[in-house]
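Trainee: Hi! Could you walk me through this one while I have it on screen?
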Amino acid sequence: MQDALKAKAATTARTPRGERAQTSDAAAPASLAASVHRSPRAARRRRPGSAAESEIAGIRITSARRVIDADSGTHKLELVRYYARVARWILPHLRERPVSLVRAPRGLSGETFFQRHSGRAPLPELTEHEGLDPGHPALLTIDTPTALVSAAQMDVIELHTWNACVGDIERPDRVVFDLDPDPALGWDRMIEAAQRTRALLAELGLESFCKTSGGKGLHVVVPLTPAAGWDEVKAFSRAAAQHLASMWPTQFTATMGPEHRKKKIFIDYLRNARGASTAAAYGVRARPGMGVSVPIAWDELEATTGGAHWILSNIDTRLAAIEHADPWGAYGRVQQKLTAELTFELEAGGK
């Protein structure tokens, strides 16, 4: 770990409440639905002395020694223990925010699936929110350490969250720009891309924050005071992505598809649609090596080496540093809104 990533002089403060799912065109009620409940913990009889089991936060962990990632040799129990340790940091990013789950019942070598809603078999301890996604089962939130451990016990690896909270579901409280590079690009190009994205936002009077994705790229996050609706927020993010692509056409593309991303960085603004989601800060990615998405300060960016700079095997060093200096400590104090004028300014500037 480079020294620049260990020493950051910022005060610890309340961090944001989450990260984001796939688009749904149906409108949802503006107020919190009447039916909200937490799934009860499944009643299971313990088998004393079972070497394959452990108990964490009162949850019995089954198949604890199952290898979920052959590349790193990570066992299920190691992942569950990580989520138990990181609860104090990750829960502010999860609490009250609809979550989508990547589950891997047989580890990364088996089939994984993406779950956006409650299923036939309830996930113990997760909170269900009926009526917020019309035509679909209840949305889910992870609001407590026990719910987090329970999700990991149910073979959840990745946690993705919406850009809005259940209490104000139609007004996003952040914009996310997912910078997704062509694998052939050097990491220095990613650092430059994130810095240019930040500079553009700053010109518009918007403060932004950065985190590693835990995969290939970086996420630039703009906190908002909830005011604009989903359509307005998506229009702004699209205009910003297209503006960057027009200003630096050899570096950026705002068009999806590998054929458009050759030797470029795709600015994924589609994560700002209603129901879309982004990997949560401090969440593990279901990829070989088990990368972790980690918030960083802007002056730490140049010391990073990749989107998976932190993995399960070295994340505790980073958590120890964050204990003394939260790189996103100012996030919760930022008050800024999107306006139609900002979108118009971007569209006019990109022509």
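Trainee: How are α5 and α6 oriented to each other?
Mentor: Keep in mind that this is a predicted model. In it, helix α5 (residues 187–203) and helix α6 (residues 230–247) pack at an angle of about 120 degrees. Angles of 65 to 115 degrees count as roughly perpendicular and those over 145 as roughly antiparallel, so α5 and α6 are oblique to each other.

Trainee: Got it. How far apart are their axes?
Mentor: The axes of α5 and α6 lie 11 Å apart.

Trainee: And is the crossing left-handed or right-handed?
Mentor: α5 passes α6 in a right-handed crossing. On the α5 side, the contact is made by Arg-196, Thr-197, Leu-200 and Leu-201. On the α6 side, Phe-236, Ala-240, His-243 and Leu-244 take part.

Trainee: What kinds of residues make up that contact?
Mentor: The contact of α5 with α6 has five nonpolar residues, two polar ones and one charged one.

Trainee: Switching topic: which strands does β15 pair with?
Mentor: β15 (265–268) is joined to strand β11 (residues 174–181) by four bridges, and those two strands run antiparallel. β14 is joined to β15 by two bridges, and that pair runs parallel.

Trainee: Which residue in β15 is the bridge partner of Asp-178?
Mentor: That is Asp-268. For Thr-253, the bridge partner in β15 is Phe-266.

Trainee: Where do the side chains of β15 point?
Mentor: Ile-265 and Ile-267 point one way, while Phe-266 and Asp-268 point the other way. In a regular strand, side chains alternate between the two faces of the sheet.

Trainee: Are those four buried or exposed?
Mentor: Ile-265, Phe-266, Ile-267 and Asp-268 are all buried.

Trainee: Now the loops. What is the phi of Ala-57?
Mentor: Phi of Ala-57 is near 55 degrees, a positive value in a residue that is not glycine. Most residues other than glycine have a negative phi. Ala-57 is found in the loop between β2 (54–56) and β3 (59–61).

Trainee: Which other residue has a positive phi although it is not a glycine?
Mentor: Lys-263 does, with a phi of about 60 degrees. Look for Lys-263 in the loop between β14 (252–253) and β15.

Trainee: How exposed are they?
Mentor: Ala-57 has 45% relative accessibility, so Ala-57 counts as partly exposed. Lys-263 is at 63%, and therefore counts as exposed. The cut-off for exposed is over 50%.

Note on methods:
Residues numbered from 1 in each chain as written. Predicted model: local features only at pLDDT ≥ 70, side-chain atom pairs only at ≥ 80, totals over all residues. Heavy atoms only, no water. Axes fitted to C-alpha atoms, helices over the stretch in contact; angles between N-to-C directions. Parallel < 35°, antiparallel > 145°, perpendicular 65-115°, else oblique. Left-handed = near helix turned anticlockwise from the far one by under 90°. Contact = heavy atoms within 4.5 Å. Nonpolar A, V, L, I, M, F, W, Y, C, P; charged D, E, K, R; others polar. Buried < 20%, exposed > 50% of the residue type's maximum accessible area, 1.4 Å probe, protein only. Pairing = 2+ DSSP bridges.
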